[in-house]
Every structure is written in C-alpha cells, then in structure tokens.
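Trainee: Could you take me on a close look at one part of this structure, starting with how the metal is held? I'd like to follow it residue by residue.

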Amino acid sequence: MNKPETRPVIGLTPDIGETQARPGRPPLPRYELKQAYCEAVRAAGGLPIVLPYSDDIDAIASLLSLCEGVVITGGGFDIPPDYYGEAHHPRLGPLHPERSRFERLLVRAALARELPLLGICGGMQALAVELGATLIQDLESQLAGALEHQQKNSPGESGHTVQIDAGSLLARAARTTLLEVNSTHHQAVREPGRARVIARAPDGVIEAIEGPGRFALGVQWHPELMPGAQQLSIYRALVQAAART
Ligand code: MN
C-alpha cells in the first residue's frame with residue numbers, strides 16, 4: 001500500500017452560488033469555490049478541502065480539528081456593516097449573511113487556537129473586522145484620490161503595486177518589499193483595529209495585514225490568480241506554517 005499523503009489539510013470557505021432552479025422547482029442554493037484557490041493550495045504543498053457553513057460553534061470546532069490551516073476566500077459580496085458598527089452606505093454591495101456569520105465564527109475560532117489562517121480579498125476584510133477594524137464601504141465615493149481598485153484588465157495581470165513592510169510575514173514570504181498585484185475590490189480596511197498594516201497601495205489603501213498569534217495573514221488581492229513564484233509564496237507560507245501545527 002502506498003504511504004498516505006502527508007500534506008497539511010487546508011480548509012477553504014466557499015461562496016453561495018446562484019440558484020439555478022428549473023421552472024416550477026424550488027431554488028437550491030449551492031456552494032461554489034473558484035478552482036484557482038484549490039490549485040494554489042495544492043501547488044503550495046497543501047491538501048485543499050471545502051468547509052460547509054455552520055452557525056454551531058461546536059460544529060465549527062470539529063471542522064477546524066480536521067484542518068491544519070484555513071483560507072478565508074473572497075467573493076462578490078460585502079461584510080454587513082453592523083459587524084463594525086456602521087450604517088449601510090448607499091453603495092454597499094450585496095450581502096451574504098449566512099456566509100458572513102460562518103466566517104466570523106470560523107475566524108474567531110481559528111485565531112483562538114492559533115490555526116494558521118490566510119484571508120484573501122474579502123477574507124482579509126473578515127480577518128480585519130474580527131480584529132476590530134472598520135471598512136471603507138466604497139473606495140470610489142469615500143476615498144478622494146483613490147486609484148482604480150476594480151481593474152478592467154485580467155486579474156492574471158497587475159492592477160497596481162504594493163509597498164510591503166520589511167520584516168513582515170509577507171516580505172519574508174515573497175522576499176520583496178515591492179510587488180505587482182491585481183485589484184478587484186471596492187472596499188478596504190479603514191481603521192485596522194488590532195491588525196498590523198503590512199502593505200499599502202500607492203494611494204495609501206491598506207493591502208495586507210497581519211493578525212496576532214502564529215500565522216494570520218490577509219492580502220487584499222488574489223495571488224492565486226497571478227502567475228509567478230512570489231505570488232505562490234503567499235500560499236506556501238500558509239502551508240509551511242500549517243505543516244508545523
Ligand atoms: Mn487594490
């Protein structure tokens with residue numbers, strides 16, 4: 001018999017997909033997850049698994065006991081502003097309340113047990129909000145002089161650069177302090193709370209954070225959609241931290 005795989009298990013949060021009911025049948029919500037996330041985890045040496053939603057903290061603890069690391073993924077939705085004590089801005093995007101509730105509990109539980117965690121795009125915002133951050137609900141209307149953060153070109157290409165703090169998790173992983181990144185977000189972290197800001201775009205927008213504990217990293221872009229070893233190194237850093245769990 002072959003030796004079983006010993007890759008660190010990395011749990012990923014899925015999005016809620018469009019319901020595609022046939023006429024006359026009830027809608028059936030479905031989980032969906034871009035394959036690129038799983039491919040990046042695998043390319044980085046991890047074993048990706050999907051984490052179905054729950055609002056039961058015991059069930060979430062059981063899910064996390066199966067994982068050596070987690071990725072909070074992004075999606076075309078916004079975190080409910082009441083999570084950070086604000087009213088809805090007119091340009092707030094769609095909400096996925098069931099997903100946001102799950103991710104809030106999942107991030108909380110992962111931080112409590114110092115399980116290595118990587119937050120991507122909206123996943124970084126979920127990490128930040130759990131650490132007491134507030135968000136800019138709409139960059140274009142709320143931040144004078146903001147760059148275009150919803151690039152029109154492919155997310156496989158750069159949208160802007162980020163300047164990374166030397167000595168941060170991210171700088172050590174990517175071995176650089178200047179990185180070309182894609183940009184597909186209309187919100188961003190405003191006040192970081194207990195999160196440490198470790199990268200900014202040229203217009204000052206917060207593009208990466210670190211949380212407390214062993215490994216909690218959030219990036220505002222999608223490294224899994226860009227080519228190159230520097231982008232993959234972000235997933236590698238997660239998997240390497242997970243391997244030490
Ligand atoms: Mn950006």
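Mentor: Happy to! The manganese ion is held by five named atoms: ND1 of H149, NE2 of H160, OG of S183, NE2 of H185 and OE of E207, at 2.2 to 2.3 Å. A donor here is an N, O or S atom within 2.8 Å of the metal (3.2 Å for Na, K and Ca), and because water is not among the atoms, sites may look incomplete. Along the chain, the donors are spaced as H-x10-H-x22-S-x1-H-x21-E. H149 sits in the loop between α5 (139-142) and β8 (160-164), while S183 sits in the loop between β9 (178-181) and β10 (188-189), so this pair ties together parts that lie 34 residues apart in sequence. Those element names are DSSP runs numbered from the N terminus: helices (H or I) have at least four residues and strands (E) at least two.

A word on what you are viewing: this is a predicted model, in which local features need pLDDT of at least 70 and side-chain atom pairs pLDDT 80 or more, while totals for chains, interfaces and linings use all residues. Residues are numbered from 1 along each chain as its sequence is written, and side-chain values use heavy atoms, leaving out hydrogens and water.

Buried means under 20% relative accessible area, exposed over 50%, and partly exposed in between, with a 1.4 Å probe and protein chains only.

The largest pocket has a volume of about 170 Å³. It is lined by 14 residues, and G75, F77, D78, T184 and H186 lie nearest its centre. By class, that lining has 3 nonpolar, 10 polar and 1 charged residues. Here Ala, Val, Leu, Ile, Met, Phe, Trp, Tyr, Cys and Pro count as nonpolar, Asp, Glu, Lys and Arg as charged, and the others, Gly among them, as polar. On a 1 Å grid over the protein atoms alone, a cavity is where a 1.4 Å probe fits but cannot get out, a pocket is an open set with protein on both sides within 12 Å along at least five of seven lines, and lining residues have an atom within 4 Å of a point. Points join across faces, edges and corners, and a volume is the space filled by probe spheres set on them.

F77 also turns up in the lining of the largest cavity, among them I79, Y83 and R104. That cavity has a volume of about 110 Å³. Both α3 (97-112) and α4 (122-130) supply at least two of its lining residues, and α4 gives the most, with 5 residues. Its lining counts 5 nonpolar, 3 polar and 3 charged residues.

The second largest cavity has a volume of about 40 Å³. One of the residues lining it is E114, which lies in the loop between α3 and β6 (117-120). E114 has a positive phi of about 55° although it is not a glycine, and at 39% relative accessibility it is partly exposed. R175 lies in the loop between α6 (169-174) and β9, and it is exposed, with a relative accessible area of 76%.
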